[in-house]
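Hi,

Here is the structure I promised to pass on. Have a look at it first, and then read my notes below.

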Amino acid sequence: FESIDEDRKQQEVLRKLSETDLMTGIRNRGSGENLIRKSIAEGMCGMFCLMDADKFKLVNDRFGHAIGDKVIIALANSLTKTFRETDIVFRLGGDEFAVFSKGVVTEEIGKKILSRLFNNISDIDIPELLGQKIAVSIGATFYPSNQQDTFEALYQRADDGTYQSKKVTGNRVTFVIPDE
């Protein structure tokens, strides 16, 4: 029985490792996307956000990759501080992150949550950045927008919003609400 119990514990450790981004400790892309697909298949409504750090390549070029890693970890910490444990927070890769905030279905509530995220990001203090502030561009949308909505459509809308947000420097969110 001890052997079976140890095997189960080991399998759980391996499963957790396979679902976790090793640098940040939050979910990785595969597990995050799978959870969102499962949630929307079960009819869960929510806000989906894609985000990435503004001018992150310049941080790596100017301060080095070790400091860039600190920025990524600090952003992940800001996300976990802002969103609920029931929300799906994950790293897509590089300086890109995504969130599915369950039950958030209005732009008004979404803006309040993302304003809190922007405040948490503004509070990040990495001395090696010599006072340079971290900012993110966010694209946000809601699921479902219509009866035929898919994860791929959700992702594309949020990606379009991120692209629009990138046109302005500083913490910025663009909500993409499709015409019905």
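This is a predicted model: local features need pLDDT of at least 70, side-chain atom pairs count only at pLDDT 80 or more; totals for chains, interfaces and linings use all residues.

**The largest pocket**

Let's start with the pocket: the largest one holds about 420 Å³ of space. Its lining is made up of 21 residues, and R27, E85, D87, I88 and V89 are the closest to the pocket's centre. If you sort that lining by class, you get 10 charged, 6 nonpolar and 5 polar residues. Helix α1, α2 (29–41) and β3 (88–93) each contribute at least two residues to the lining.

The average pLDDT of the protein is 93, and 99% of the residues score at least 70. Among the elements, strand β4 (residues 96–102) has the highest mean pLDDT, at 98, while helix α1 (residues 2–19) has the lowest, at 79.

**The nonpolar cores**

Next, the inside. The largest nonpolar core has 34 residues, and those that touch the most other members are M47, L75, F83 and L114. Two or more residues come from each of β2 (46–53), α3 (56–63), α4 (65–82), β4, α5 (107–122) and β5 (136–143). Helix α4 gives the largest share of this core, with 7 residues. Another core lies apart from it; this one has 13 residues, including I36, I40, F90 and A98.

Which residues is L114 in contact with, leaving aside its neighbours within four places in sequence? They are M47, C49, F83, I138, A140, V173 and F175.

D123 sits in the loop between α5 and β5. Is D123 buried or exposed? Its relative accessibility is 57%, so D123 counts as exposed, the cut-off being over 50%. Along the chain D123 and S78 are 45 residues apart, and their C-alpha atoms are separated by 9.0 Å.

G170 is in the loop between α6 (151–165) and β6 (172–175). With a relative accessible area of 19%, G170 counts as buried, because buried means under 20%. Leaving aside neighbours within four places in sequence, G170 is in contact with D54, A135 and V136. As for T20, it is 150 residues from G170 along the chain, with 29 Å between the two C-alpha atoms.

That's my tour; over to you.

Cheers

Terms used
Residues are numbered from 1 along each chain as its sequence is written. Side-chain values use heavy atoms; hydrogens and water are left out. pLDDT is the predictor's confidence in each residue, from 0 to 100. Helices (H or I, at least four residues) and strands (E, at least two) are DSSP runs, numbered from the N terminus. On a 1 Å grid over the protein atoms alone, a cavity is a set of points where a 1.4 Å probe fits but cannot get out, and a pocket is an open set with protein on both sides within 12 Å along at least five of seven lines; lining residues have an atom within 4 Å of a point. Grid points are joined across faces, edges and corners, and a volume is the space filled by probe spheres set on the points. Ala, Val, Leu, Ile, Met, Phe, Trp, Tyr, Cys and Pro count as nonpolar, Asp, Glu, Lys and Arg as charged, and the others, Gly among them, as polar. A nonpolar core is a set of buried Ala, Val, Leu, Ile, Met, Phe, Trp, Tyr and Cys residues joined through side-chain atoms within 4.5 Å. Buried means under 20% relative accessible area, exposed over 50%, partly exposed in between (1.4 Å probe, protein chains only). Contact means heavy atoms within 4.5 Å.
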